[in-house]
Amino acid sequence: MIDMYFTEEHNLFRESLKDFLQKEVVPHIEKWEESGRIDGDIWNKFGEMGYFGLMTPEDYSGLNLDLFYTVIFLEELQKINSGGFAAAMWAHQYLAMTYLNKLATHEQKKAYLEPSVLGNKIGCLGVSEPFGGSDVAAMRTTAEKKGDVYIVNGSKTFITNGVYGDYIILAAKTDIHAAHKGISMFVVDRNAKGVSANKLNKLGWRASDTAELAFDNVEVPASNLLGNLNEGFSYIMEAFALERLVMGVNAHARAEYALDYALQYMSEREAFGKSINQFQALRHRLVDLYSDMLLCKQFNYATIAQMEKGTYVVKEATISKLKSTKMADEVIYHCLQFLGGYGYIEDYPMARLSRDSRLGPIGGGTSEILREILAKIIVDKKEYKKPKV
């Protein structure tokens, strides 16, 4: 069934991406994991190869390809065992650039989107706040109109690419009395006067930079408003569907990588005169884990296919993230156990995989929040409609 989603062109793209990652990325992963900073030139190399333009129109140097190229991009990034590096790349393209592709004017696209496709500018998304978390409607960051600028004050946290990035896709209250109906989106230069960043020290995703951002009377040109005034909440809700699907695909891909590694290890590791893949307790557990992974993978592919057709897959994308990230955590937990003491050693991939995977049920909406969203859809019969731009 999986082959039905991928053409020969898709498969050629996958092989080319694999070769690129092995040559240009893998040799540097350990350095980036230790330093917490990705070398700047790799962004340009990704841009030169067109990897940041998969969903961008050709008018802005993109490739305008179908969503299964995105699936391949995400899956192969998970197989180099650096959740942080992968996050930096996909947060740039599928968090920041999503809003530019959808909402930006021609002038904004020339100034921010096209350089992003080429890897000359790095973007981040600023929605989560220290006191709000997943409660987007409760955000406190404000943007007050004064003449031809907006004055921004407030803070954001858990912002991937927020330290070393070049611009921020920022959500802020433009009507403090209107709750979720008073939120607007802006593109803000990272080096603008009054913007500062504190780099957060994380359990996993060590190669990526994650920031707490502060905005102190930051002047943002009115021309940097993205989309319509006070309609930011609906834009965020729509973008969440793609973000959650991205994280669902990431989860099944890293689980598959963990299982492949565990299978290889178990075929080579011997105990009591035979390879440990011959012990019934282990082989049956692995079969269960593989089955769970494949169920999520097939569901994610089917949901991507529906999104590609234009279906508004809020429910399915939420299920994708909820179930796939939980599955990946369980798979990697048991795969680490298959390695015994070696699973706990940093020289083996499971230790980092375990740390990196743990963010899955937290980032992009915690599993608890996702269950409540699904309860509103399934129990309360709430309908989420696609916003008009």
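**Helix α5**

I started with helix α5, residues 83-103, in this predicted model. Helix α5 has 21 residues and runs 28 Å from first C-alpha to last. That is close to the 30 Å expected at 1.5 Å a residue. I then looked for a bend and found one of about 45 degrees at Met97. Next I checked how covered α5 is. Of its 21 residues, 19 are buried, so I noted the helix as mostly covered.

**Second largest pocket**

I looked up the second largest pocket next. The space in this pocket comes to about 630 Å³. I counted 23 lining residues; Met55, Lys102, Glu238, Leu242 and Met307 are the closest to the centre. Helices α5, α7 and α8 (280-308) are the elements that give two or more residues to this lining. I sorted the lining by class: 13 residues are nonpolar, five are polar and five are charged.

I placed Glu238 in helix α7, residues 232-268. Is Glu238 buried or exposed? I read a relative accessible area of 15% for Glu238, which falls under the 20% cut-off, so Glu238 is buried. I also took a distance from Glu238 to Leu21. The two are 217 residues apart in sequence, and their C-alpha atoms are 31 Å apart in space.

The largest cavity has a volume of about 130 Å³. I listed 16 residues in its lining, and the closest to the centre are Gln78, Gly83, Trp205, Arg254 and Asp356. Helices α4 (67-78), α5, α7 and α10 each supply at least two lining residues. By class I got seven nonpolar, seven polar and two charged residues in the lining of the largest cavity.

**Helix α10**

I wrote down the buried ones: Pro349, Met350, Ala351, Arg352, Leu353, Asp356 and Ser357. Then I asked what covers them. The cover includes α2 (29-35), α5, α7 and α9 (314-338).

**Thr303**

I went back to helix α8 for Thr303, which is found there. Thr303 has a relative accessible area of 3% and is buried. Leaving out residues up to four places away in sequence, I found Thr303 touching Leu245, Val313, Glu316 and Ala317.

I checked backbone angles at two asparagines. Asn161 has a positive phi of about 75 degrees although it is not a glycine. Asn217, also not a glycine, has a positive phi of about 50 degrees.

Asn161 lies in the loop between β3 (149-160) and β4 (167-173). Asn217 is in strand β7, residues 210-221. Asn161 counts as buried at 1% relative accessibility. Asn217 is partly exposed, with a relative accessible area of 49%.

Asp209 lies in the loop between β6 (195-199) and β7. With a relative accessible area of 7%, Asp209 is buried. What does Asp209 contact, leaving aside neighbours within four places in sequence? I found Gly36, Ile159, Thr160, Asn161, Gly162, Val163, Tyr164, Lys199 and Lys202. I also took the C-alpha distance from Asp209 to Leu67, 142 residues apart along the chain, and got 27 Å.

Cys124 sits in strand β1, residues 123-126. I read 1% relative accessibility for Cys124, which counts as buried. Beyond residues up to four places away in sequence, Cys124 touches Ala96, Ile159, Thr160, Asn161, Gly162, Tyr167, Ile168 and Ile169. Cys124 and Gly165 are 41 residues apart along the chain, and 6.6 Å separates their C-alpha atoms.

I put the two contact lists side by side. Asp209 has Ile159, Thr160, Asn161 and Gly162 among its contacts. Cys124 also touches Ile159, Thr160, Asn161 and Gly162.

How values were computed:
Residues are numbered from 1 along each chain as its sequence is written. This is a predicted model: local features need pLDDT of at least 70, side-chain atom pairs count only at pLDDT 80 or more; totals for chains, interfaces and linings use all residues. Side-chain values use heavy atoms; hydrogens and water are left out. Helices (H or I, at least four residues) and strands (E, at least two) are DSSP runs, numbered from the N terminus. The expected span of a helix is 1.5 Å times one less than its number of residues. The bend at a residue is the angle between axes fitted to the seven residues ending there and the seven starting there. Buried means under 20% relative accessible area, exposed over 50%, partly exposed in between (1.4 Å probe, protein chains only). On a 1 Å grid over the protein atoms alone, a cavity is a set of points where a 1.4 Å probe fits but cannot get out, and a pocket is an open set with protein on both sides within 12 Å along at least five of seven lines; lining residues have an atom within 4 Å of a point. Grid points are joined across faces, edges and corners, and a volume is the space filled by probe spheres set on the points. Ala, Val, Leu, Ile, Met, Phe, Trp, Tyr, Cys and Pro count as nonpolar, Asp, Glu, Lys and Arg as charged, and the others, Gly among them, as polar. Contact means heavy atoms within 4.5 Å.
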